[in-house]
Amino acid sequence: MQSTPIKHIVIVGGGTAGWMAAAASANRLPKAFCKITLIESDSIGTVGVGESTIPHIRQFNQTLGIDEATFIKATNATVKLGIKFDNWGEIGQSYFHPFGEYGEITKGIEFHHYWLKEQALGKCSSIADYSIAATSGLNGKFPVSTQAKQTQFSDYNYSYHIDATSYARFLRKYSETRGVVRIEGKVSNAHKHQNGFLRSVELENGQTIEADFFIDCSGFRALLIEKQMHSKFIDWSEWLLTDSAVAVQCERNIPLHPYTIASAQSAGWQWQIPLQHRMGNGYAYSAKHINDQQATDQLMSSLTGKATSEPRIIRYKPGRRECSWVKNCLSIGLSSGFLEPLESTSIYLIQQGISKFLELLPNKDCAQPIIDEYNQALSHSYEVIRNFIILHFHLNQRSDSEFWRYCQNMCIPEELKNRLDLFAESGRTDISQFGVWPAVCIGQNLRPKYYDSRLDTFGNDEILQYMQQTKSKISHALANMPSAEEFIADRLKIAQEAKVSI
Ligand code: FAD
């Protein structure tokens, strides 16, 4: 049967989600095949936060053919090797959650079992000593990938801290160069066909724009997916207590740290995200446990430089849309759900949504099995990340506030409980569940009872020697590494010389 392809996509919203969707669609769909229009309202503006990412963003950039040096220059980016968590286990404790694995690739047994066995043999090194990302990060250095390969630690990874506004601007230029049409205006209404499919959106000035498919990137307003398509919001605030954030920017007067800092506070946690030209700061808190003024005072008193913006309060509700996609309306970004930025996963979810949509690219009729496939995939991703974030809160041993006591004692989702029990007993993890359990669990003092017994087939000396060698290789690699600051300066120089156009 002849298919009827989508000939016109309208994207409502020009934040990170809108411009990522526009750029990826323009890259994938030839202009002559499908027209793309993006409508955004300067007077409404964007949420203006969302500056810490995970390594998948590099894949996104590569797919779009974006050169790294150009990207770093355009977005004032710095590199990120992981997150340093302060005060999440007990007050005063710190751990580093690195991107990538610990140690070298081992014989089918996850590295943390080697570390557990080493502990059982009476050694007491930190597991971070066996991660190239953690050691270099904590020393302000950056492993350039060729160096890491030479020392066999090729399985570390990295991402970026970016200026969200510059990133959207950069992607806008990329998209417009590839034929995306931008309309400035406020969407005030939408019209439907008899079958409930969206037909057009209407702007405040009376202009209507018809399309075959609509992507709702209107942020928390969820203009189309909620107000027109009535997809329900599933609320997760019983497990994720923070519902507000205060954000402020300040001068960066300290050396560049190639990691995000997430420090637990009495009613939530605080982030510190270094960019080339400034520091992004925020406190995500539960308004039931602390008021806005107290949260703002706490944040402002901990800035490492002079504030360069006014503190801004943002309210949110954790959860996701029951259906991110309904008929010919797909929601991407904050309109489809929100999980607090503890592990910087929102931009990753945007990316997942866009690539899944482009992979499934429907015809005009948007067949239900395609929609179901998308909705199931996205729900699963949201739930895996939700559990992962709950894990951080639940595994605290703090007794200093009601907020932390609640998190310790709350009933957690069944599948998370089962996985935690498995880890506590045997150290077993499941890579498909984000593959990060050991860093967070061990970092927050959950030590498995047993290490993998297959390690007993090796002699104790053999294990100890292997661990020692791993540590020495990392120290050796560290000695020859540039600082994160030097790496960025080098990339800026390349961008300056190359003057690559996007
Ligand atoms: P927005 O940025 O809000 O954009 C919405 C767009 O819709 C705007 O262009 C607006 O003008 C437009 N719009 C709205 N209504 C209309 C209308 N009627 N007509 C026309 N246009 C309209 N994510 C991360 O990955 N890492 C982080 O570190 C991180 N930190 C965060 C911290 C906080 C406190 C919050 C709340 C979120 C954070 N996020 C983070 C999430 C991240 O900010 C978002 O995923 C990302 O910015 C995408 O937002 P968006 O494009 O969906 O919405």
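I started with Cys217: one of its backbone N or O atoms sits 3.4 Å from an oxygen atom of the ligand. I'm counting a polar contact as a pair of N or O atoms within 3.5 Å. This is a predicted model, where local features need pLDDT of at least 70 and side-chain atom pairs count only at pLDDT 80 or more, while totals for chains, interfaces and linings use all residues. Numbering runs from 1 along each chain as its sequence is written, and side-chain values use heavy atoms, with hydrogens and water left out.

Next I checked Ser52, where a backbone N or O atom lies 2.7 Å from a nitrogen atom of the ligand. At Thr16, a polar backbone atom is 3.4 Å from an oxygen atom of the ligand.

I looked up the cover: on its own the ligand has 1,000 Å² of accessible area (Shrake-Rupley method, 1.4 Å probe), and the protein covers 97% of that.

**The shell**

Two elements give two or more residues to the shell: helix H1 (16-28) and helix H9 (346-360). Helices here are DSSP runs of H or I, at least four residues, numbered from the N terminus. H9 gives the largest share, 3 residues.

I noted 33 residues around the ligand (a heavy atom within 4 Å); Gly14, Ser52, Val187, Leu334 and Ile347 come nearest. By class I get 14 nonpolar, 15 polar and 4 charged, with Gly filed under polar and Cys under nonpolar.

**Domains**

The chain splits into domain 1 (8-50 + 163-235 + 319-385), domain 2 (102-154 + 386-479) and domain 3 (244-315), with bounds from an automatic or database assignment. I put the C-alpha centres of domain 2 and domain 3 at 28 Å apart. Their contact (heavy atoms within 4.5 Å) takes 11 residues from each.

Methods
A polar contact is a pair of N or O atoms within 3.5 Å; within protein, one must be able to donate a hydrogen and the other to accept it, and residues adjacent in sequence count only if both atoms are side-chain atoms.
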